[in-house]
Amino acid sequence: MSDCIFCKIIAGEEPSFKVFENNDTYVFMSNANDVDGHILVIPKKHYKNIFDCDTDTMNSIMETTKMICTHLKNDCGYDGVNILNASDESAGQSVPHFH
């Protein structure tokens with residue numbers, strides 16, 4: 001999607017602090033400066049939200065999320081993590097790309 005900021009980040013058209021990348025997912029640090037360790041896990045294919053995401057991509061997102069969370073706990077000194085998702089504007093989704 002040409003006007004999606006997350007699609008532009010994946011394409012290298014916008015900067016990001018990349019944490020991890022594989023065939024299906026892209027992981028980067030948020031630039032919102034709202035909480036320590038705010039990391040976004042997104043699918044490389046554009047999906048607006050969880051309702052649009054196919055099962056295989058969803059599984060890949062969750063595998064990547066678990067790997068990142070495990071790394072944060074085992075290697076970065078965090079005691080726990082929060083996993084949050086807002087799907088659709090009515091739920092507070094701020095960027096219309098599943099994250």
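How many disulfides does the structure hold? It holds zero disulfides, a disulfide being a pair of cysteine sulfur atoms within 2.5 Å. This is a predicted model, where local features need pLDDT of at least 70, side-chain atom pairs count only at pLDDT 80 or more, and totals for chains, interfaces and linings use all residues. Residues are numbered from 1 along each chain as its sequence is written, and side-chain values use heavy atoms, with hydrogens and water left out.

**Cysteines**
- Cysteine 53 has its closest cysteine sulfur in cysteine 7, at 13 Å, which is too far for a bond.
- Cysteine 53 is buried, at 13% relative accessible area. Buried means under 20%, exposed over 50%, and partly exposed in between (1.4 Å probe, protein chains only).
- Cysteine 69 is in no disulfide either, with the nearest cysteine sulfur, in cysteine 76, lying 11 Å away.
- Cysteine 69 is also buried, with a relative accessible area of 17%.

**Strands S1 and S2**
- Strand S1 covers residues 18–21 and strand S2 covers residues 25–29. Strands (E, at least two residues) and helices (H or I, at least four) are DSSP runs, numbered from the N terminus.
- S1 and S2 pair in the antiparallel sense over three bridges. Two strands pair if DSSP finds at least two bridges between them.
- A hairpin of three residues joins S1 to S2.
- Glutamate 21 stands opposite tyrosine 26 in S2.

**Salt bridges**
- Side chains of opposite charge can pair when their charged atoms come close.
- The count is four salt bridges. Each is a side-chain nitrogen of Lys or Arg within 4 Å of a carboxyl oxygen of Asp or Glu.
- Glutamate 21 forms a salt bridge with lysine 18, with the closest N and O atoms 2.8 Å apart.
- Glutamate 21 is partly exposed at 33% relative accessibility, and lysine 18 is partly exposed at 44%.
- Lysine 44 also forms a salt bridge with glutamate 21, again with 2.8 Å between the closest N and O atoms. This pair links distant parts of the chain, 23 residues apart: lysine 44 is in the loop between strand S3 (39–43) and helix H2 (55–75), and glutamate 21 is in strand S1.
- Lysine 44 is partly exposed, at 25%.
- Lysine 48 and glutamate 89 meet in a salt bridge at 3.4 Å, N to O. They too link distant parts of the chain, 41 residues apart: lysine 48 is in the loop between S3 and H2, and glutamate 89 is in the segment after H2.
- Lysine 48 is partly exposed, at 29% relative accessibility.
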